[in-house]
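Here are my notes on the model you sent over.

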Amino acid sequence: MSKVSFKWNKPVDTIINDKVKNKPTLMFTASMARKFMNDYVPRRDGHLREKVKVTVEGDHGLVTYVSPYAARQYHGVSFKHTTKGTAAYWDKAMLQARRGDLVQSVQAYIKKRGG
């Protein structure tokens, strides 16, 4: 048996932050989350799904639905979600159903970038 030892050049948290919490990776993650959430966002005429901003603020990506009624739709207030598969709290619905797809996409992106 042989032992191998190594020493990190940086703290592990720093390595993770360098690979995951950088602007391009956060933007990619938020963009993929938007893509996967699309099936869960209510749709009558498509405006809610189309009027979306994907941005990065600090150490997290944001997906913002900018239609005036987006918050009411998200919270399920005064609206019936009639499109099959859509729901209030569509981010949570997407994560419950497609978390693995999102994780795999981000892992492939990081690997492709040399991570």
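1. Reading from the N terminus, the order is α-α-α-β-β-α-α. Do keep in mind that this is a predicted model.

2. Some whole-chain numbers next. The chain has 115 residues, and 25% of them count as buried. Its accessible surface is about 8400 Å², with carbon and sulfur atoms accounting for 53% of that. If you take the contacts between residues at least 6 apart in sequence, 56% of them link residues at least 24 apart.

3. Which residues have the most contacts inside the largest nonpolar core? They are Met37, Leu48, Tyr65, Trp90, Met94 and Leu102, in a core of 16 residues. Helix H2 (23-37), helix H4 (70-75) and helix H5 (90-112) are the elements that each put in two or more residues. H5 gives the largest share, five residues. As general background, nonpolar side chains in soluble globular proteins tend to be buried together.

4. Setting aside residues up to four places away in sequence, Met94 touches Ala33, Phe36, Met37, Tyr40, Arg99 and Leu102. Two of these names, Met37 and Leu102, are also in the list of core residues with the most contacts.

5. Now H2 itself. This helix has 15 residues and runs 21 Å from its first C-alpha to its last, close to the 21 Å expected at 1.5 Å a residue. Its buried residues are Thr25, Leu26, Ala30, Met32, Ala33, Phe36 and Met37. Why do they sit on the same side of H2? Because they cover an arc of only 165° around the axis. On the face turned away from that buried side you'll find the exposed residues Lys23 and Lys35.

6. On to the strands. S1 (residues 52-57) and S2 (residues 60-65) pair in the antiparallel sense, over six bridges. Together S1 and S2 make a hairpin with two residues between them, and Gly58 in the turn has a positive phi of about 60°.

7. Is Val56 buried or exposed? This residue of strand S1 counts as buried because its relative accessibility is 18%, and the cut-off for buried is under 20%. Leaving out neighbours within four places in sequence, Val56 is in contact with Lys23, Leu26, Met27 and Gly61. The C-alpha atoms of Val56 and Ala30 are separated by 8.1 Å, although the two residues are 26 apart along the chain.

8. You'll find Arg44 in the loop between H2 and helix H3 (47-50). Arg44 is exposed, since its relative accessible area is 74% and exposed means over 50%.

9. Last, one backbone angle to check by eye. Tyr89 has a phi near 55°, a positive value in a residue other than glycine. Tyr89 lies in the loop between H4 and H5. With a relative accessible area of 35%, Tyr89 is partly exposed.

Conventions. Residues numbered from 1 in each chain as written. Predicted model: local features only at pLDDT ≥ 70, side-chain atom pairs only at ≥ 80, totals over all residues. Heavy atoms only, no water. Core = buried A, V, L, I, M, F, W, Y, C linked by side-chain atoms within 4.5 Å. Buried < 20%, exposed > 50% of the residue type's maximum accessible area, 1.4 Å probe, protein only. Helix = DSSP H or I, 4+ residues; strand = E, 2+ residues; numbered from the N terminus. Contact = heavy atoms within 4.5 Å. Pairing = 2+ DSSP bridges. Areas by Shrake-Rupley, 256 points an atom, 1.4 Å probe, with all protein chains shown as cover. Expected span 1.5 Å × (residues − 1). Arc of directions from axis to C-beta.
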